[in-house]
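Student: Hi! I have a protein model open and would like to walk through it with you. Can we start with one of its sheets?

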Amino acid sequence: MSDDDMSDEIEARLPEEDSFEPPEEFVDQANYTDSSIYERFESDWPECWEEAATLLDWYDVHDQVLDTSDEPFYEWFTGGSLNACYECVDRHLPERGDELAIQWEGENGEKRQFTYEDLHEEVNAVAAALQDIGVGEDDVVSVYMPMLPELPIVMLACARIGAPHNVVFAGFSSDALATRMENSDSEYLVTVDGYLRRGELLDHESKVDDALASVEHDVEAVVLGRREPWSGEGPHGYRELVDGHRGTEVEPVERDSEDMLFLMYTSGTTGTPKGVKHTTGGYLSYVAWTAHAVLDLTPEDTYWCAADIGWITGHSYIVYGPLALGTTTVMYEGAPDHPDKDRLWEMVERYMVDVFYTAPTAVRAFMKWGTDYPESHDLSSLRLLGTVGEPINPRAWKWYYRYIGGESCPVVDTWWQTETGGMMVTTLPGIGEMKPGSAGLPLPGIDARVVTGEGEEVDDGAGYLTVHKPWPGMLRTVYGDDERYIEEYWSEYSDPDEDEWIYFPEDGAKVDDDGYITVLGRVDDVVNVSGHRLGTMELESAVVGVEGVAEAAVVGGSHDVKGEAVYVYVIAEEDADAGDELRGEIVEAVEGEIGPFARPEEVVFTPDLPKTRSGKIMRRLLEDVASGEPLGDTSTLRNPDVVEDIRGQVE
Ligand code: WTA
């Protein structure tokens with residue numbers, strides 16, 4: 001962000017320090033305040049993780065905490081059994097039945113509230129409805145829904161009957177939905193006909209129709225009509241189906257700790273998206289424990305994670321973590337600037353939100369919009385703030401701390417991934433000193449280190465992030481592809497001959513002499529746009545599918561609000577007209593195959609792409625061009641002139 005985005009006066013009010021102690025009023029009530037937890041977890045590893053498991057009420061308690069007999073296919077809390085829906089709903093009924101579980105607000109101001117009793121009733125009716133259409137234990141149910149209360153309700157209903165859910169972010173295209181349904185062999189889909197965004201009802205139904213037309217196997221679909229009643233033909237109407245089962249109680253299915261709870265697809269460097277498999281016992285224990293330790297949640301909190309449930313952040317920290325702890329979780333359907341740019345602060349004030357978790361990209365947008373918006377609301381209910389999804393620059397951190405937290409809330413900068421299930425590197429808010437821009441120490445029990453390319457540990461400096469011990473929330477495999485699981489995550493630094501297994505998250509990082517880790521970003525070909533992970537391979541395959549495109553390279557370039565944005569470099573075919581029409585078709589292809597959130601920032605036509613003498617595209621140079629950075633070494637290029645040429649067009 002350039003300096004003139006902030007007035008001198010606002011800049012002058014940002015704190016100057018490079019580190020901050022947790023505010024005393026926070027420490028006085030925090031769940032963890034004693035730094036001995038780090039040594040305790042280290043000396044008692046892996047048994048320390050029982051502290052997470054005991055946050056839940058298991059049917060059968062595990063007989064082994066960690067099974068390492070088939071590394072790196074670790075198993076956690078083996079022999080234990082539980083039901084995730086029971087943990088998040090039923091067990092709270094005796095003491096918290098009348099308390100709010102979900103506080104939902106629609107973009108148009110509509111409000112819906114669910115106590116734990118209400119949630120129990122809804123989830124049971126939906127579970128019965130799903131069984132009615134044939135869903136059985138272990139059947140994968142795809143859920144393609146925006147931020148409506150029905151989304152977590154369906155997820156919990158799936159968990160209740162032991163059917164793993166496969167939630168696909170509503171902003172994804174029909175192609176993306178179809179690929180995920182095929183890959184997961186999913187024969188059931190729950191979706192909606194449309195949803196609100198900035199006052200407009202977006203069509204969702206035609207995307208669903210297209211997806212269903214292209215999935216090879218038969219699909220039983222349930223559609224929630226927002227333009228009620230649901231008038232479509234073929235699929236079941238959600239309300240009609242569910243209302244028919246109101247009052248039914250469905251016994252929660254007892255699941256083995258290692259049984260699959262859900263799949264979540266995510267992008268990597270190569271090939272199609274990976275179906276990240278999470279299991280019931282380890283995942284749920286881990287998200288409950290991290291929500292308790294890092295978000296400091298208790299049943300008394302009104303907590304808001306302003307993410308979308310269609311991504312892992314929403315799964316772990318809108319749905320499973322907070323509900324497992326009996327907290328009130330706030331959900332908001334729409335855009336943060338609708339009807340005005342104080343929408344979120346108005347909601348924080350209205351619901352007296354005390355813990356707030358969002359992405360740095362949102363914080364950078366708030367900074368841009370100015371301090372008048374938060375200052376016109378009473379935000380004194382807040383006691384803790386968090387960020388996730390991408391690095392946060394120190395100025396944005398300080399702005400958040402000063403103007404949203406009023407310098408009285410700790411800020412936790414949490415590093416983690418779809419694959420890790422929950423938070424991994426961050427300060428504990430009642431214990432650790434905060435350093436703006438740095439996530440902090442690995443959590444107790446998490447053995448994260450920064451290493452060189454050769455795997456030597458770095459004490460103070462830059463390298464690659466690695467994790468040297470398993471943890472309960474970890475992915476168990478890539479769905480249907482154990483080989484890819486090993487190849488993607490356990491090949492770079494592991495030494496199987498020595499029985500040494502090291503997880504590689506594919507992030508660059510640096511560490512300081514206090515052991516604080518700053519995660520710098522992806523070192524693979526993944527672009528992080530507003531906290532959304534996009535594989536450049538998938539983007540390129542959409543672009544080269546357009547008639548008239550001969551070759552393409554897609555890279556991420558830095559962007560002041562989105563963090564990174566998508567830049568497309570295209571060599572057009574000789575007889576094609578490299579102009580706005582083709583540009584439009586390329587943008588359309590990306591939106592069509594992936595989704596509007598992947599929309600390219602720029603499409604640049606070029607007669608050639610920078611290549612090494614062996615013919616490999618030099619992406620790093622294209623990234624430098626897109627980010628307006630000075631160019632690195634171009635001496636290994638076969639065609640050095642082309643870079644200057646491209647740069648001229650981008651500027
Ligand atoms: C990035 C989101 C720096 C990182 C939960 C990671 C971060 C990817 C941070 C995972 C952070 C996430 N600081 N970078 N605090 N948190 N990242 O799977 O590159 O959507 O690998 O999971 O986001 O993105 P994913």
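Predicted model: local features only at pLDDT ≥ 70, side-chain atom pairs only at ≥ 80, totals over all residues.

Student: What holds strands of a sheet together in general?

Tutor: Backbone hydrogen bonds pair them, in either a parallel or an antiparallel way.

Student: Let's zoom in on E22 and E23. How many bridges do they pair over?

Tutor: Strand E22, residues 461–467, pairs with E23 over 4 bridges, in the antiparallel sense.

Student: New topic: which domains is the chain divided into?

Tutor: There is domain 1 (117–253), domain 2 (448–519) and domain 3 (524–650). The centres of domain 1 and domain 2, taken over C-alpha atoms, are separated by 36 Å.

Student: Now the backbone. Where are there cis peptide bonds?

Tutor: One joins Trp 45 and Pro 46, with omega at about 0°. Pro 46 sits in the loop between helix H3 (36–43) and helix H4 (50–53). Another joins His 338 and Pro 339, where omega is about -5°. Pro 339 belongs to the loop between strand E17 (328–332) and helix H14 (343–351).

Student: Why point those out?

Tutor: Because most peptide bonds are trans. Likewise, most residues other than glycine have a negative phi.

Student: So which residue has a positive phi although it is not a glycine?

Tutor: Asp 296 is one of them, with phi at about 60°. You'll find Asp 296 in the loop between helix H12 (280–293) and strand E16 (302–305). Asp 499 also has a positive phi of about 60°, and its place is the loop between helix H18 (482–489) and strand E23 (507–511).

Student: Is Asp 296 buried or exposed? And what about Asp 499?

Tutor: Asp 296 has a relative accessible area of 1%, so it counts as buried, the cut-off being under 20%. Asp 499 comes in at 55%, so it counts as exposed, since that label needs over 50%.

Key
Residues numbered from 1 in each chain as written. Heavy atoms only, no water. Helix = DSSP H or I, 4+ residues; strand = E, 2+ residues; numbered from the N terminus. Buried < 20%, exposed > 50% of the residue type's maximum accessible area, 1.4 Å probe, protein only. Pairing = 2+ DSSP bridges. Domains from an automatic or database assignment.
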